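Let's take a walk through a structure with several chains, one stop at a time. Keep the 3D view open and turn it as you read.

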Amino acid sequence: MFEPNPPIDLSSGKYLKLWQGPQHPGITGNMSLELITRGDEVVDCKTHVGYLHRGFEKLMERRTFIQNFPVVCRIAVPEPTFNEYLYAAVVEELTGIESPPRAEWIRTLNLELMRLASYLMWLGGIGAAFGQSTVYQWTVTHRDYILDLFEEMTGARIYHMYIVPGGVRGRLPEGFEDRCRDVLNRVEKLLHDVEKVLFNNVVFKTRTKGLGHIPKEMVDPYGITGPNQRAAGFSRDLRKDAPYLVYDQLEFDLITATESDTYARSWVRYLEMHEGIRMLRQCLDRMPQDGPFQAKMPNVLHWEVPAGETYIKAECTRGEYGYYMVTDGSEYLRRVHVRGPSYTHAIALMEKLAVGTNIADIAGLMVSLHTYPPEIER
Amino acid sequence: MNTVEEILDFAIDREQQAADFYSNLAERVSSAWMKDMLLGFSKEEMRHKGKLKSVKLGDKLLNADQHVQDLKIADYTVDVEPAEDISLQDALIVAMKREKAAYRLYSDMAANIDDPELKSLFLGLAQEEAKHKLYFEVQYDEQIMRDN
Amino acid sequence: MANAIQLLADFGRNFTLSDIREQRVDLAFCKAPKEQAVRLIRELRDDAGYTHLVFLTNTDYIEQGIFTLTYMLHNYDARHTLGVHVDLDRNAAEMESIHNLWAQAATYQRELREMYGIRFPGSPRLDEDFCLEGWDQIPPMLKEFDTAAFSLERFHSREGRGSVDPSEHMKTLLYPTHSDEPSSGGS
Amino acid sequence: MSLKDLISPFYVWQRAFEKPYTQKRPIEDRPGAPRYRGFHMNSEECIGCGTCESICQNHAIDMVPVEGLEQRAGDSGLRPRFDYGRCCWCALCVDICTTRSLHLSNHYAWVTEDPDAFHFTAGTDAMPWNQNSLGYRRDDDYHLLVHDRVEMQALSAEESVAGFDEVMRGYTEEEAVLEADRCVECGICVATCPAHMAIPDYIRTVRKGDYEAGLRLLYETNPFSSTCGRICTHRCETVCVMGYQGDPIAIRWLKRAIVDRVPQEKYREILGDEVEENGKTVGVIGAGPGGMSAAYYLRRQGYAVTVYEAQARAGGMLRYGVPSYRLPDNQLDKDLEYIRSLGVEMRFNTQVGRDIPFTQLLDEHDALFLAVGLNQPSALRIAGEEHPRVLSGLRVLDDVASGKDPGVGKRVAVIGGGNVAMDAARVSRRLGAEVDVLYRRRIEDMPADPEEIRESQAEGCTLVPQAIPVEIRNASDSNQVTIVWGEAEMVADDKGGRPRPVLQEDRMHEETYDCIIAAIGQGGQIDFIPAEFRDRIEFKWNKFVPGDYQQTGLEKLFVGGDIANSRADAISAIEDGHHAARGIHRFLSGALDG
């Protein structure tokens, strides 16, 4: 499976080594690509990570179960909520605590809002990577509207620390639903504008179609998940295949494409944003107005989780996000492994796809894979 | 007793007698503890005496109108003999009753006199005694009837 | 998936599987001997539909002197996840590489080499730094690596820090003599 | 390429004149959302329990003494100091705060050139946001602590009045672990416990199921753990931080949970008490909790200990004043027998002053510890008191404890509102009587333990508050007795004491009973100390006033227990005994002079 690229003799003078990152507008987060180019063509690519390594998994081994709850959100900056949810879910499964239905609805609302915000930022990124920075201005502004919603719901814009083992940390603020609907309407309107300006843009189309093609047979051997996989024609989505929270009660369509290039991946995400808005509206319509939003908890100060192990996954914007946890009955976990889709998308896949592309397309290719370095390094 | 001076001297003398009463009893008891209590009572009476002496030099007595709480404990306790093996409870009863008797005495004297200055002096002395009684009643309430 | 257990029973004819445990209907675990593990995983991938390597990771059981690798495999059609455990001797941790089975496996193996010191002979770029650059300590994910001690030694702390225990504080101020002196020599 | 693809991008102009969403800081202010997790605020309700520090995942909080802050019962006098170099504003400290004093304001901008400014004590340091009314507060329906106590199985009122079986049945192992789990281990209670027991530590042993370690911790400060696990006045629970938002931890019951699971035969092995004789002798007067506690700790230090007890058995008020439905005999014996097993010499039926002179004891021993307790019932001292149907509460309890029938009859009036009165009433109920309890003050003023009051009512005793007895009369039936009582009005005490009842002579009542049980209070019997020592011993009313280490001015004499402290409960006596043992050891080893 692993086919190394042909050896390159740098001293031959035919090649140029070029570092892109770790600080680069075309890189999603802090990581770097070590590119070997011949003229404009990239002939080899190595991904380097570690710039954001904080050793989360290790840190979590020396914190109690409640103390880990503020830590996990930091593993994916633009999308902390998935970490919060998955951490809560593994702890709940291992302790047998069941989060109440109202909390499950609030969590779903949270995750889909997060997905929308994260996609907005990505949409800006893909626009900017192909010279459409206006789109970036628009989408980041609209992401800010969503962050406003998070701020009033959770008390923070980025690191919400809201989904806690046992439920959520508070009820929805008064009038939240109306303000949320208003933001959804604005985002929906924006998406139509973006469709005109970006997706129907001849430059964007020309540059993205055919770029970074992932053959269908490469998907499983490279561990490719999420929109990257769906754009290659796979009807796989954990919200459908292994429904969690209240996804089995929501109506939404699974978006796929067949071209499996940068344009197709972008288009899949674009349509998924519409599906997200559709789900969010259902959440708002059907949100339980009363009942508990937290399960009965033990004293969290010396919370001992029974010995066991489990793996729980969720469909985040980038694909399969999962938490594998091993406990030994003490107040500390023995091992947690955070499985983020970027791990393979940004390294094995990127290193493969970059070869043969043009330097100018590297940033766009990278963004089209939608990766976040902190979930690689953990 | 027709002058303020004479009446105060009488009252001072009574306090001295009370102090002597307790110190004499203290001499007779065998236990360190009751001896200490009774000498304490005696000291209390000497304090009263000192108060009256300073009234003689111009200090004010309690105002006759001022309310002094009457807990009425002394009214319903039985009389006890001040014997050598007296207990703290009985010593307090003796003390309450003595103060009550003094209060009666001055009240009666006040009732039988017309001179307004002397009348108010007697009433003032009665008030002082009522206050002394209250002190012992409160101690009885606290130390003896702790659970009641 | 009821047939996950059945499947493992079938595989059990050719492999020595132990600790088979069903965590959920869609998640099971089993343990395979080190020598058989890669062959088992290959067969699971090729013959049983477990085509997706979800992740490869390690758990340190320092008390027992072992590492336990976990190969998390997923079967998309059956919607079933299977965790294959492999115990390694902690003092001579070495495992056959699976970089030929999945492209991302090399990265996992490189990480495990860096974070736990486990060797995967033949795995590409195994000894290249992954997250850590210029690391001069023992592999940091080992249980014996104390992150707090490391950070205290490496970085300076803010001055003026220091906490007082409430009950000790109250004791010092309110009842300093009410404690037994440490008993000396039997009395 | 279609024409549409060329034209469509120009749609971008549509939004050219949209107002940007950017904030013009610092010209424009944008307050955080009402729930925003901004900078810390701490209100006066803080008691310095340090639970915020325990939960902080990043060691951003130190508990520090604050100048000018009074230390008092249930308040450590410490306050949380925040290091904003480490804080991540997760607000777990707010969620866990036991008094709900800690909040976050919605203030989020703070600019200064001094990095050390970001290290401050919330609530006491002057901060611009201290008056903010908005910011993150814990939702009422969200909890990280368990506020409800695990109730203990108890006999029903019907079952309990039917006999003398222990009413409280004890926690099961599972219940004990659940209750122990609620503890936040702050240790605020330790200062309030008269014996300063290692409460959080032994609660932890319950949680971990390590009862042997628990027993060792208990015996460090209290050799009456089985007893105190049942009838302790549990002052600790009054300051328990869990009481601010829910029920305090059932500390007393958790102590019992430990001793109930360790058989007495294993005590010696578990506690590892070895006695190495040191050749000195100490006399202990009174075999109650104070005396026996001193005996235990002295014996551990190698002193030859002789206990002089007027009664035929040890235990003092625990034996004769506490009925077996609260403290079964075998539980008291469990504690006492272990102490005696270390080789304490007991001289029963030996009343100092009557059977043996005080001065002889003073001469015979290197030191004396006196803890004779309050065993003399106060007399009513109202007319008619000598009536044969007027009994003393202590006598009734004593009779019942010794297996005698006190003969209370079918209709009983108990006078008093303390534990002795409650127990006399409850004992009478068990003997089949109808019981009225006359008390001079209000029910809330009763000095009895609240649960005693509650249980006596549940068992069918009628409480008659604000009733002052004034006279006892003969009834027409010579086996009965009539009491005259008057109603009381409460008047405030202008010196700050408890409100005092004043008889209303126009509202008198008369009632006839089979007997009247007087339980209005107890005094001490310390007449045996000769008058010659008066100058060297300090008294206040009916109590000793000991100096440091319970020592009196008569250097060899140490005093403790009800006769020497104002709390007059078992746990205080136990600590007095322990503390006197420390003092005697220091005195006899020369570290403490007179």
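## A helix and its neighbours

The buried residues of α18(D) pack against a whole set of elements of chain D: α4 (157–161), α17 (393–401), β12 (411–415), β13 (434–438), α19 (450–458) and β18 (515–518). Before we go on, keep in mind that this is a predicted model.

So what does this helix look like? Helix α18 covers residues 419–430 of chain D, which makes twelve residues, and it reaches 16 Å from its first C-alpha to its last. That is close to the 16 Å expected at 1.5 Å a residue. Eleven of the twelve residues of α18(D) are buried, so the helix is largely enclosed by the rest of the structure. The buried ones include D:Asn419, D:Asp423, D:Arg426 and D:Arg429, along with D:Val420, D:Ala421 and D:Met422. An α-helix has 3.6 residues a turn, so residues three or four places apart point the same way. After the helix comes D:Gly432, with a positive phi near 95 degrees.

Now look at D:Val414. Leaving aside residues up to four places away in sequence, D:Val414 touches D:Gly393, D:Ala421, D:Ala424, D:Ala425, D:Val435, D:Val437, D:Ile517 and D:Ala519.

## Over in chain A

Let's hop over to chain A and find a hairpin. Strand β6 (residues 308–316) is mostly covered, with eight of its nine residues buried. Its partner is strand β7 (residues 319–327) of chain A, and the two pair in the antiparallel sense over nine bridges. Between β6(A) and β7(A) there are two residues, and together the strands form a hairpin.

Is A:Ser260 buried or exposed? A:Ser260 has 25 other C-beta atoms within 10 Å, so this residue is buried. You'll find A:Ser260 in the loop between α9 (238–241) and α10 (262–286) of chain A. Not counting residues up to four places away in sequence, A:Ser260 touches A:His213, A:Ile214, A:Lys216, A:Ala231, A:Ala232 and A:Gly233. The C-alpha atoms of A:Ser260 and A:Leu211 are separated by 9.0 Å, with the two residues 49 residues apart along the chain.

Most residues other than glycine have a negative phi, and most peptide bonds are trans. Chain D has a few spots that go another way. A cis peptide bond joins D:Arg25 and D:Pro26, with omega about -5 degrees. D:Pro26 sits in the loop between α1 (3–7) and β1 (40–42) of chain D.

D:Glu185 is not a glycine, yet it has a positive phi of about 60 degrees. D:Glu185 lies in the loop between α5 (173–181) and α6 (188–192) of chain D, and with 18 C-beta neighbours inside 10 Å it counts as partly exposed. D:Ala568 isn't a glycine either, and its phi is positive too, at about 50 degrees. Look for D:Ala568 in the loop between β22 (557–559) and α20 (570–588) of chain D. D:Ala568 has 20 other C-beta atoms within 10 Å, so this residue counts as buried.

The contact of chain B with chain D takes 24 residues from chain B and 34 residues from chain D. On the chain B side, α2 (32–56), α4 (88–111) and α5 (116–144) each give two or more residues. The largest share, five residues, comes from α2(B). By class, this side has eleven nonpolar, seven polar and six charged residues.

Other pairs stay apart. No contact joins chain A and chain B, whose closest C-alpha atoms lie 40 Å apart. Chain B and chain C do not touch, and their nearest C-alpha atoms are 27 Å apart.

Technical notes. Residues are numbered from 1 along each chain as its sequence is written. Chains are lettered from A and ligands numbered from 1 in the order in which they are written. This is a predicted model: local features need pLDDT of at least 70, side-chain atom pairs count only at pLDDT 80 or more; totals for chains, interfaces and linings use all residues. Helices (H or I, at least four residues) and strands (E, at least two) are DSSP runs, numbered from the N terminus. Two residues are in contact if their C-beta atoms, placed from the backbone, lie within 7 Å. The expected span of a helix is 1.5 Å times one less than its number of residues. Two strands pair if DSSP finds at least two bridges between them. Ala, Val, Leu, Ile, Met, Phe, Trp, Tyr, Cys and Pro count as nonpolar, Asp, Glu, Lys and Arg as charged, and the others, Gly among them, as polar.
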